[in-house]
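The sequence and structure are shown first, and the description follows.

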Amino acid sequence: MAAFLASDPALEARIREIGEKLFALMDAHPSPGIFSKKGAYARVMVWSMKDPAFKTQLFRFVDVLPSLHSSAEIVRHLQEYLGDKAVELNPAMKAGLAASSFAPALVAAPVKANVVSMAAQFVAGETPADLVKRLKQNTAAGLATTIDLLGETVVNDAEADAFLQRNLEVLDTVSAHFAKEPKPGFSDVGPNGPLPRLNLSVKISALTPDVHPADPENSINALKERFRPILRRAAEVGALINFDMESYKLKDLTLALFKSILEEPEFQEKPAIGLAMQAYLRDCEQDVRALVAWARERRRPLNIRLVKGAYWDYETILAQQRDWPVPVWQKKPESDANYEKITAFLLDNIDLVTPNFASHNVRTVAHAIAQAQRRGIDPRAYEFQALYGMADELKSALIASGHRVREYCAIGELLPGMAYLVRRLLENTSNEGFLRMKNMGEATKEQLLGNPVDKLQSSAVPANGAAPTAAGSRSHAFRNAANTDFTQGAQREKLRAALASVTASIGKKHPLVIAGKKIADREYVASVNPARPGQIVGHWARATVADADAAVAAARAAFPAWRDTPATARAAVLERAADLMEARRHELNALEILEAGKPWVEADADISEAIDFCRYYAVEMRQLDRPAVTQAVPGERCVLRWTPRGAGVVIAPWNFPLAILTGLTVAPVVAGNTVVMKPAEQTVVVAAALMDILTEAGLPPGVVNFLPGFGEDVGAHLVAHPKIDFVAFTGSRAVGTKIWEAAGRTLPGQATLKKVVCEMGGKNALIIDNDADLDEAIPAVLYSAFGFSGQKCSALSRLIVLDEVYDRFVERLLAAAATVPVGDPMQPGTVICPVIDAEAQKKILGLIEQGKKEAKLAWQASLPSPAATSGGYYVPPTIFTNVKPEHAIAREEIFGPVFAILKARDLDEALAIANSTEYALTGGIFSRSPRALERAERELQCGNVYLNRGITGAIVERHPFGGYKMSGGGTKAGGKGYLENFLFPRAIAENVMRRGFTPQEAGE
Ligand SMILES: Cc1cc2nc3c(=O)[nH]c(=O)nc-3n(C[C@H](O)[C@H](O)[C@H](O)COP(=O)(O)OP(=O)(O)OC[C@H]3O[C@@H](n4cnc5c(N)ncnc54)[C@H](O)[C@@H]3O)c2cc1C
């Protein structure tokens, strides 16, 4: 357990006393808070707490409601959500729900009104006039106010500008109001006189669409552009600006922005400033200490709003998905205890810091008061904060006992503010939350005032306090490699250092490796950096046809011994290779950035995938090696065993230079086969690094033979070779279909029928339904289409948007496209990089020209200056609209940063368009209709279907990858059964009966 505050009986007694007094005041003046509200809302909340299925469906319905524009749509969604089998409705509600289709308007109107009134309980008003009214009420009640303008993640500059403007307007309106009514309220006066009455809370995600946590320098520059006018105006009108804290990935960036903007000469003294810090984070204490040290150094007074944190579930789930350490405490009393420890620290720094204790928890509040009293601190030197619509009786109790309280008032349109409403609903119904426990009578006052540190030590902590770890929820031996978290400065530094050292040592010669021998005396081909073609990353020896024959002979010769090597030993080689890749991760990242032009996060994900392939196939092979009983029958042992096919050829593409090459190679190898490995011509240096790693991991000579060469001569020769038993290929449809055909011809001297494992391209579609969450869909679309410049077979190339949402969506999307960073992949924030080579560049530009003839060029970026003049193989990202399914732009694979938008009348038409190509690789839908999601799952013709997320980024085991139709032979890389492609099954039957008796275990 972390070192929280030591137990102190005297302090505990005082906390209890204060807490009981607060409870008594609260009980004496119960305010009409949400839990005591009569009628539908109270019933709905109680019901949500009793029935988790109802709660999920209800909150989802609340979330989708703002996007529903007709009564029929509201009713349809209500039926789909609440008609879900898991939700238990009483017979009257069931009947009502069923009948609602006949008179949708009669049902939709009150439903909408009820949700709006639910939102109105947490949102203080929609207009500046509402806000002024609220400010007057608060002042009269002795409450100070902090204003929060509703509006979260913005996706384009226009939205961010509009949000900035709203903030400036609010500063003007409210300062004008205060000028007219200058008398401050009780909570607006501190020990040294009046405090800034105008207090504005701001979220960074609402002020720029360019937040790239891995690229803080550029993000901060963009954010500063919009923060400066706010700070300037705040300084003029004497306001305090508080930076809210959002998700963990933005935490370091927010802190860095806060410090760096306030160090600018203009803002060194004014305006008054504050920052929210989240005690549910394990890092919080160290961050608060660093922040206070920073402020002390500059003698800069500041407010620190201490909160527990609003994104606990999100942070926990995200970290588990990514196999990252979970940044939030996993037991509720840990967050409470951490809060208390930081409370003490803030009070120790009261000369500089004004602590804002933002909590609705009476214990947390009483603890802060007791600690302040112990230090003899004037109660007006700190303040309490609570949200509008919540804990009203606590607010009055605190004021009645002489404490300053500030209310956090969210202002904005009710319907678009649903994200805020859903967070509040979750908070009110959260299992371990103070409000629920108190208001639902789930804990006594005595328990509610208990010391969290004691709860941690006793068994009183609920078992579900500990969230399952990622490994726990996926229990078997395989575990995905975690990508690097580039939001952490130390990780960025490691990759920067690797880029510098790899850049200093590039340009080496990479020989062939046949039967373990390096063959260097060949013609050499230069491999260049696509971002700067003048930079040679390495030279590779070009294999001849004779080399190909020698490599096949070497593979054949090595086969028997490798086949007979125990599978566990073969698997161990893969695991050692995985460890070596992990150890050399940043060096490999740097190589990919230089040779393939991969952006940082993409390169890093490619290394993780290569590691995963090694570890996953090792685990799979160990399992396959155990004889599987085919049928349990007395007296006969019937099992299935596997034997490798022989020697094969691996032909890999350049776009996942390490991962695909590794996967295609190690799968047959761990299964006991030997291979000739022919990497793509464009990324041979990365492939050579793989060859080194496999050798260092202990692969015997001849098991993998490294044969870089050109596809037309060496590749074709290898595929047609009669001594080859299988071909593992990933690449273009043109080459894949030729391989399929060539492998189908049986030649003299050929011992087996050749097996082809073939993965080819796609023309992947994503559907945007009328009720889609556009804030989520827009970034997902842009990343799926433009990430790594669309050079993924999974990339989005057809966006199918339903008619009703089309104009709204496309307008926002096109504006957002301009915010996707184009540039040199050496920069951490780059998303759109150069394409692989001049030939690809020419081809894509040609397809764009063709697109212009048949459709409307809706948006095309102009390349930023360093990219435009670098000589790199850049293609400006491009979006076409008015595209028809029959247009070439909607049919031909492009493999570049280009996509087509098609309009569909309804879901039927959208699905028909999606399925109308010759490919079937990836595809998906953004929708909040359970029925539409079900249909997409059933009807989308593709190997990988993605619902409400981007359509790229498959992870080994989690998303077995591969398509059918002209996208491939239906195999699933990184999935169950993949190794079987490289094996022959053999059934063994043994009569184990001797003279009428049989061993007991036989046949079991
Ligand atoms: C004025 C104000 C401003 C705020 N601003 C922000 C902000 O900028 N950013 C932000 O993130 N939050 C902010 N919050 C905090 C947040 O919205 C919640 O209100 C707050 O976390 C609830 O804490 P509590 O002490 O009132 O309730 P409690 O019921 O005592 O605590 C609930 C909190 O405990 C934590 N928790 C729950 N389960 C667990 C568990 N199993 N293990 C560990 N911890 C757990 C969570 O943080 C949860 O929110 C703000 C709150 C207020 C009142």
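P271 lies in the loop between α10 and β7 (272-278), where helices (H or I, at least four residues) and strands (E, at least two) are DSSP runs, numbered from the N terminus. The peptide bond that joins K270 to P271 is cis, and its omega is near -5°. The model is a predicted one, in which local features need pLDDT of at least 70, side-chain atom pairs count only at pLDDT 80 or more, and totals for chains, interfaces and linings use all residues. Residues are numbered from 1 along each chain as its sequence is written, and side-chain values use heavy atoms, with hydrogens and water left out.

**Backbone angles**

Most residues other than glycine have a negative phi, and most peptide bonds are trans. Against this background, A391 has a phi near 50°, a positive value in a residue other than glycine. A391 is placed in the loop between β10 and α15 (392-400). With 14% relative accessibility, A391 counts as buried; buried means under 20% relative accessible area, exposed means over 50%, and partly exposed lies in between (1.4 Å probe, protein chains only). F788 also has a positive phi, of about 50°, although it is not a glycine. The loop between α30 (774-786) and β25 (796-802) holds F788, which counts as buried at 0% relative accessibility.

**Helices α9 and α10**

How do α9 and α10 lie relative to each other? The axes of helix α9 (residues 216-237) and α10 come within 10 Å and cross at roughly 55°. Such axes are lines fitted to C-alpha atoms, for helices over the stretch in contact, and the angles run from 0 to 180 degrees between N-to-C directions. The two helices α9 and α10 are therefore oblique to each other; angles under 35 degrees count as roughly parallel, over 145 as roughly antiparallel, 65 to 115 as roughly perpendicular and the rest as oblique. The crossing of α9 past α10 is right-handed, a crossing being left-handed if the near helix is turned anticlockwise from the far one by less than a right angle, and right-handed if clockwise. On the α9 side the contacting residues include P216, I220, L223 and F227, and on the α10 side they include L253, L257 and I261. Contact means heavy atoms within 4.5 Å.

**Aromatic rings**

A pair of aromatic rings is described by the distance of the centres and the angle of the planes. Across the whole structure, a search finds 19 aromatic pairs. Rings of Phe, Tyr and Trp (its six-membered ring) pair if their centres lie within 6.5 Å; planes under 30 degrees apart count as stacked, over 60 as edge-to-face and the rest as tilted.

F243 counts as buried at 0% relative accessibility, and F258 counts as buried at 0%. F357 is buried, at 1% relative accessibility, and Y382 is buried at 1%. Elsewhere, ring pairs join F478, F613, Y616, Y617, F726, Y978 and F982 into a cluster.

Charged groups also meet rings. K509 lies over the face of Y524, 4.8 Å from the ring centre, and the charged end of K903 sits over the ring of Y806 at 4.8 Å from its centre. A charge sits over a ring if NZ of Lys or CZ of Arg is within 6 Å of the ring centre and within 35 degrees of the ring normal.

**Two buried loop residues**

N361 lies in the loop between β9 and α14 and is buried, with a relative accessible area of 7%. Not counting residues up to four places away in sequence, N361 touches K308, K332, D336, L394 and F434.

A855 is found in the loop between α32 (838-854) and β26 (856-860) and is buried, with a relative accessible area of 13%. Leaving aside neighbours within four places in sequence, the contacts of A855 are F880, T881, N882, V883 and H887. A855 and H887 are 32 residues apart along the chain, and their C-alpha atoms are separated by 7.9 Å.
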